[in-house]
Amino acid sequence: LHYKNFQLASFSILFAVVQIACKDLPHIKKYGVFHGFDGVVIIVVVSQAMTGFVVSLMLHYADAILKGFAISIASVLATVVSMFLFGTKINNMFFVGASTV
């Protein structure tokens, strides 16, 4: 599983490097690759990377029932976080959709 992920990531890195070399090379030579990155961007990138590792480990080691619980908890947690961070309003259609999941 990890070998296949590495193969897919290699292709994406290859395409990204070609795109950067064709489009943004003068800007990168002048300012550097990480120009404009701040603490929030780094936190988001690290968070997404760690989420990918956790999901791959869960898919590899967990059974079907545990996976179902993990998906349900993740959905509820994402909803609660979006309510506080983005002011998302929860209506009746959300509960209908959540009950079908």
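Start by selecting Val 41, which sits in helix 3, residues 39–61. This is a predicted model. Val 41 has a relative accessible area of 31%, so it is partly exposed.

Now widen the selection around Val 41.

Show their rings. A pair of aromatic rings is described by the distance of the centres and the angle of the planes. How many aromatic pairs does a search of the whole structure find? It finds one. That pair is Phe 34 with Phe 37: the ring centres are 5.4 Å apart and the planes stand at 70°. Planes over 60 degrees apart count as edge-to-face, so this pair is edge-to-face.

Phe 34 has 61% relative accessibility and counts as exposed, because the cut-off for exposed is over 50%. Phe 37 has 44%, so it counts as partly exposed.

Go back to helix 3 and pick Ser 56. Is Ser 56 buried or exposed? Its relative accessible area is 10%, so Ser 56 is buried; the cut-off for buried is under 20%. Next, draw a line from the C-alpha of Ser 56 to the C-alpha of Ser 72. The two residues are 16 apart in sequence and 17 Å apart in space.

Move on to the loop between helix 3 and helix 4, and select Asp 63. Asp 63 is partly exposed, at 45% relative accessibility.

Select helix 4 next, residues 64–86. How does its span agree with its number of residues? Helix 4 has 23 residues, and at 1.5 Å a residue it should span 33 Å. Its end C-alpha atoms are 32 Å apart, which agrees.

Stay in helix 4 and pick Ser 82. Its relative accessibility is 16%, so Ser 82 counts as buried. Which residues does Ser 82 contact, leaving aside neighbours within four places in sequence? They are Gly 87 and Thr 88. Select Gly 87 as well. Gly 87 follows helix 4, and its phi is positive, near 70°.

The last stop is Ile 90. Find it in the loop between helix 4 and helix 5, the latter being residues 92–100. Ile 90 has a relative accessible area of 29%, so it is partly exposed. Show what it touches. Not counting residues up to four places away in sequence, Ile 90 touches Thr 79, Met 83 and Phe 95. Finish with a distance from Ile 90 to Val 80. These residues are ten apart along the chain, and their C-alpha atoms are separated by 9.7 Å.

Technical notes. Residues are numbered from 1 along each chain as its sequence is written. This is a predicted model: local features need pLDDT of at least 70, side-chain atom pairs count only at pLDDT 80 or more; totals for chains, interfaces and linings use all residues. Side-chain values use heavy atoms; hydrogens and water are left out. Rings of Phe, Tyr and Trp (its six-membered ring) pair if their centres lie within 6.5 Å; planes under 30 degrees apart count as stacked, over 60 as edge-to-face and the rest as tilted. Buried means under 20% relative accessible area, exposed over 50%, partly exposed in between (1.4 Å probe, protein chains only). Helices (H or I, at least four residues) and strands (E, at least two) are DSSP runs, numbered from the N terminus. The expected span of a helix is 1.5 Å times one less than its number of residues. Contact means heavy atoms within 4.5 Å.
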